[in-house]
Amino acid sequence: KPPAPAAHSGTGFGYGLDVWMMEQAHGPIINGVKTLGFQWVHQKVRWKNVEGNGKGQYNWGSLDHMVDDCANNGIKVCLCVMDAPNWAGNKSPNNPQDFADFMAAMATRYKGRVHAYEIWNEQNLSREWGHTPNAAEYMALLKAAYKAIKAVDPNAIVVSGGPTPTGATGPDSIDDRLFLQQMYDHGLKYACDAVGVHPSGFANPPDSKWPEGDLPNKGFDDHPSFFFRNTMEDYHNIIVRNGDNKRLWATEFGWPSSQNMGSPVQGWEYAGEITEQQQADYIVRAYQMGKSWGWVGPMFLWNLNFGPLLGAEDEKAAFSILYPDWRPRQAYAALHDMPK
């Protein structure tokens, strides 16, 4: 086997935000990132929106504007690429080479301006993969993309897609710890520069752990997958156990608070258990923990601007650190004041 990629010089700890910039005015978003003193943004890109009309027929417009504006403002970009066009497959592609060709075109176009690519999103769920999730299929995709990106931009950081934290294995999901190990069984060590993770905290403080954090009469706390700290430490242990030293990139993490945003959205009732002050405290503490561990790369807070983008009635807005009218919430002020 080839040697595993050396630890990439660009994968040290960093402060990032999940943003939505497609078809948006970029000024307020960029201003928000810069005012906080953060260096990174993470944007999901739907492959079908760029190459939807047929292989090799690209529509880069909205993405070009985003990449240019971020580059001109000294903001590093991580693009999470997902969702195959209909001609290529159902959600995931039938032929990994089609995706690799697309990533080669993207990495060529944005060489030196996009710093990292996350390959897919929550691929341990059937709703993100298009059918029953399969680590061997995902790894075929990641290997093809890794090779294609590195051939045209060796400095680009390739991040494996962050699984969703779930303890459930069935036709629609695979337990994320099991799935990460299966990714290693199929060659992850040799196919990425960093490992993506989505360490959701639900309504549990970042430094609490299962089973100690499992409280009577409280939901979303009876399994390790509900705890930020368990997820981060478990993934790191799996990486080490597989003889690897890659950093974890938390490409989505955060805590929702529905305070001052109306009633919690159905299915996200736990957002009503967290005050804005707790949301602010938990996020700051999570960044401090990630930095202190020494094995974490950039952490991207979910999210900056889904409040203004979608309005309070969308579940993503409770995670936003901006109100729907762009006013900063308590978490925004806390992150601004946090020593970086």
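User: What covers the buried residues of H1?
Analyst: The cover includes strand E1, strand E2 (40-46), helix H3 and helix H11. Buried means under 20% relative accessible area, with exposed over 50% and partly exposed in between (1.4 Å probe, protein chains only). Covering goes by contact, meaning heavy atoms within 4.5 Å. Helices (H or I, at least four residues) and strands (E, at least two) are DSSP runs, numbered from the N terminus.

User: Before I go on, what kind of model is this?
Analyst: It's a predicted model: local features need pLDDT of at least 70, side-chain atom pairs count only at pLDDT 80 or more, and totals for chains, interfaces and linings use all residues. Residues are numbered from 1 along each chain as its sequence is written, and side-chain values use heavy atoms, leaving out hydrogens and water.

User: OK, back to H1. Which residues are buried there?
Analyst: His26, Ile29, Ile30, Gly32, Val33 and Leu36. They cover an arc of only 155° around the axis, so they sit on the same side of H1. That arc is taken from the directions from the helix axis to the C-beta atoms.

User: And which ones are buried in H11?
Analyst: In H11 (residues 330-337), they are Ala331, Tyr332 and Leu335. Their arc is 105° seen down the axis, so they line one face of the helix. Their cover includes helix H1 (26-36), helix H9 (276-293) and strand E10 (296-301).

User: New topic: in what order do the strands close into a barrel?
Analyst: Eight strands go E1-E2-E3-E6-E7-E8-E9-E10, with parallel pairing. Two strands pair if DSSP finds at least two bridges between them.

User: How many bridges for E7 and E8?
Analyst: Two, linking E7 (residues 157-160) and E8 (residues 194-197) in the parallel sense. Ser160 has Val195 in E8 as its bridge partner.

User: Which strands does H6 lie across?
Analyst: Helix H6 (residues 135-152) lies across strand E6 (116-119) and E7, at about 175° to E7. Axes here are lines fitted to C-alpha atoms, for helices over the stretch in contact, and angles run from 0 to 180 degrees between N-to-C directions.

User: Where is Asp193?
Analyst: In the loop between helix H7 (176-185) and E8.

User: Buried or exposed?
Analyst: Asp193 counts as buried, because its relative accessibility is 5%. Its side chain also makes a polar contact of 2.9 Å with that of Lys150. A polar contact is a pair of N or O atoms within 3.5 Å; within protein, one must be able to donate a hydrogen and the other to accept it, and residues adjacent in sequence count only if both atoms are side-chain atoms.
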